[in-house]
Amino acid sequence: MHSPIHTPAPPRRDIQGLRALAVLAVIGAHAAGWPAGGVMGVDVFFVISGFLITGMLLREARDTGRLALGSFYARRARRLLPAALTVLIAVTVAGWFLFNRTRGEQTLWDAAWAAVFASNWNFAAQGTDYFADTGAVSPLQHFWSLSVEEQFYLVWPLLLVIVVSLVGRTRVRIVAGVLATAVVAGSFGWALVQSDSQATVAYFSTLTRAWELGLGALVAVLVPLLRRIPRALGGVMQWTGVAGIVASLLIIDPTGGGFPAPWAAAPVAATALAIAGGVGGDPRHRHLFPLTNPASVFIGDASYSLYLWHFPVVVFAAALLPASEWHVWIVLGASVVLGLASYLIVEQPLRYAPFLGGMPRAEAREPEPEPEPVPVPVVAVATTRPAGWTPGTRYFPGSSRPPAPRIEPAAIAAAPAPVAEPVVAEPATEPRGSALAAWRERFAAQVFLATAGLVVVVLAGALAVTASGHGPRFGLPELAPAASAPTVSGDPTADLQAELAAAVTADAWPDLTPSLDRVMAASSGANPAHDCFSPGAATACGWGSGDAPVHIWLVGDSTAMAYAPAFRRIADDSGGGIRVSAMGMYGCRFTDVLVENDDPQVMARCQERKAAVRAAILADKPDLVVISNAFTLGRTADGTDLSADALIAAQRREADSYGMGERMLHLAPPPQGVSLAACYTPTSSPRACDSAVDGTWRTMEALSERAAADAGDHAMSSLAFTCADEVCPPFAGSIPTKYDQTHLTVEYAEHIAPALRQALDTAGLLTTR
């Protein structure tokens with residue numbers, strides 16, 4: 001006895017066109033920064049996926065009365081894993097050799113999270129800002145969306161299995177609709193809350209994205225009703241939906257806040273409308289030619305592989321290619337070549353490989369529920385052709401033709417519309433050897449030609465970009481010759497400036513001690529003041545003799561913490577003349593307003609920490625208070641933007657509360673640099689990590705100097721310690737200057753201590769009150 005089987009509806013070309021539109025938008029946004037809302041192509045994918053997968057599950061429940069989860073997950077594995085694992089392995093190996101060690105190791109961990117479909121939580125835990133262009137972006141960050149999708153499909157089919165077991169096949173659609181509605185309402189409501197309070201977590205969270213897949217599932221539930229929509233009205237719905245998607249991609253800027261909720265609702269609703277409008281129409285949807293033409297459909301077919309490969313290409317190109325007008329075109333070309341090669345060589349052949357449990361089929365997209373068979377009406381047409389003439393054949397008057405078998409009108413009326421072949425894992429009637437032969441016949445030539453084409457295109461492209469000077473720098477650069485000991489002028493600031501100037505002109509990396517890999521891996525953990533600046537700190541750090549006649553307090557956010565090793569050395573080298581106390585909180589600006597930070601612990605304890613520091617300073621009455629905060633713009637806790645002028649004024653009001661008068665020093669942080677994790681690779685030049693003084697820093701430094709002159713206290717620039725001719729290099733002498741974009745390394749902070757002591761002496765700040 002044969003088990004019931006379910007058959008797919010003809011594939012909908014408009015859905016493949018929507019996939020093409022979505023993937024092109026995502027690639028354009030990541031590679032060229034256009035369209036502004038291109039990353040919302042992922043939201044379009046979510047709705048499509050929810051519709052197709054739920055439709056397939058409902059159809060199986062209707063036709064067989066059960067859901068075979070084993071077969072479902074096997075199909076998902078064959079669909080997703082071959083291409084995904086290929087990308088993960090390729091990116092991990094490339095990252096290990098082409099990135100610095102710290103970034104290479106992080107890429108390895110990112111791949112491990114992606115392989116178990118949990119990368120979205122990995123990036124959320126890292127506090128990744130998806131829209132920031134300030135750090136070293138993981139080449140596997142785009143796997144977050146795949147993780148969201150698969151987490152949804154670990155739960156949703158199980159819910160449907162429970163529904164089928166409780167209510168049977170007849171009412172499964174009704175209960176599924178109730179569940180989908182609950183998912184949409186609950187998830188969207190939580191997205192509204194978290195998008196406002198924790199935007200980064202909201203972006204990656206499955207809980208704030210499930211409503212998008214749930215809306216696609218709800219459309220699949222409503223298919224029987226949607227089939228009744230007149231085709232003309234359905235066409236209008238489709239065009240309206242497509243227009244809504246395009247408008248969303250062009251107009252909505254996800255970086256402006258309110259994302260994924262409420263703004264993702266626009267492309268999500270538009271996609272649902274476009275899909276719903278096409279349920280009752282011709283599966284080819286010729287009226288939607290921009291989406292249903294062969295080119296768009298092919299791009300839609302290959303959209304998964306294109307999506308997987310484009311982001312690693314973007315990230316590796318940023319690290320390896322020099323800036324040029326050809327950069328975007330090289331990225332786009334490489335993305336297309338690798339994506340299509342992956343589709344033709346890996347994704348399709350392995351998806352249907354008999355040795356993996358698949359079979360080659362004419363069409364293998366996850367189907368939507370097929371329309372009910374529509375009777376073909378019998379239409380009587382007057383004709384002069386003789387009896388026995390077969391419709392569709394040419395008739396020549398006067399010629400004799402053999403009579404064709406007569407087809408009774410009743411038989412024509414009862415014939416069902418054509419349906420696709422049954423989707424089964426492996427027909428029992430077909431020998432495995434025959435299946436393997438069929439698979440080879442279908443894919444052998446495709447794999448061979450695609451592989452050969454990939455090799456030719458890659459070689460030709462590499463030669464072209466290398467000859468044009470726009471390609472990557474191949475080969476490891478030699479280390480710079482060991483620098484001779486600098487001439488000691490007796491002026492520590494002049495000697496430091498000479499080292500920085502030499503670093504700015506260097507074409508090769510010197511032998512740095514410690515290495516950049518080491519300081520990036522250590523991060524702030526190597527700082528002796530780290531625990532005194534953590535949210536949980538209760539006491540200040542102290543260095544120098546308790547009987548020292550000069551007592552200094554160092555306070556502020558993480559930039560003050562980065563200066564702590566310099567002040568510790570000043571105290572240690574003072575011969576018992578200087579004592580330093582240091583306390584603050586990284587991420588907590590020492591201003592009289594609470595500046596927004598992504599870390600909930602910082603937001604919860606920042607005001608309390610500032611009050612504790614204020615009380616300690618008022619009680620100690622030190623000889624000098626040094627305050628240092630980041631020179632970057634920010635927002636208040638309620639989301640109000642703070643200008644440079646407002647931030648400097650807020651810092652000065654906080655400092656005034658210490659009652660120090662002219663014994664107050666506002667020490668500028670180092671200018672923002674480039675991300676070492678991004679610019680430093682085994683093949684890079686140190687000039688790739690040089691940075692100019694940014695405009696925000698200039699403005700805030702000028703405002704600080706002006707306010708000090710008006711108030712009679714002191715402001716000190718950091719340029720003498722970190723930059724030469726307003727260019728800030730990644731090292732000075734043989735010491736790395738920073739371990740990230742902003743913070744000084746412990747070794748370099750100690751290195752600048754003599755120059756900082758000289759500046760304090762010159763300002764007359766190291767005397768007793």
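**Helices, sheet and confidence**

Modeller: Helix α15 passes α16 in a right-handed crossing, where right-handed means that the near helix is turned clockwise from the far one by less than a right angle. Helices here are DSSP runs of H or I of at least four residues, and strands are runs of E of at least two, numbered from the N terminus.

Biologist: Which residues of α15 and α16 make the contact?

Modeller: With contact meaning heavy atoms within 4.5 Å, α15 contributes residues including W309, H310 and V313, and α16 contributes residues including L338, G339 and Y343. By class, the contact has 13 nonpolar, 6 polar and 1 charged residues, where Ala, Val, Leu, Ile, Met, Phe, Trp, Tyr, Cys and Pro count as nonpolar, Asp, Glu, Lys and Arg as charged, and the others, Gly among them, as polar.

Biologist: At what angle do α15 and α16 pack?

Modeller: Helix α15 (residues 303-320) and helix α16 (residues 327-351) pack at about 140°, with their axes 8 Å apart. Axes are lines fitted to C-alpha atoms, for helices over the stretch in contact, and angles run from 0 to 180 degrees between N-to-C directions.

Biologist: Before we go on, where do these values come from?

Modeller: This is a predicted model, in which local features need pLDDT of at least 70 and side-chain atom pairs count only at pLDDT 80 or more, while totals for chains, interfaces and linings use all residues. Residues are numbered from 1 along each chain as its sequence is written, and side-chain values use heavy atoms, with hydrogens and water left out.

Biologist: Changing topic, in what order do the strands of the open sheet come?

Modeller: The order is β1-β3-β2-β4-β7-β9, 6 strands with mixed pairing, and two strands pair if DSSP finds at least two bridges between them. Strands β1 (541-543) and β9 (714-716) stand at the edges with a single partner strand each, so one side of each is left without a neighbour in the sheet.

Biologist: And how do β2 and β3 pair, parallel or antiparallel?

Modeller: Strand β2 (residues 550-556) and strand β3 (residues 578-584) pair in the parallel sense over 7 bridges, and M583 in β3 is the bridge partner of V555.

Biologist: What is the mean pLDDT of the chain?

Modeller: The mean is 86, and 85% of the residues reach 70 or more; pLDDT is the predictor's confidence in each residue, from 0 to 100. Over residues 360-382, however, pLDDT stays under 50, and over residues 480-485 pLDDT also stays under 50.
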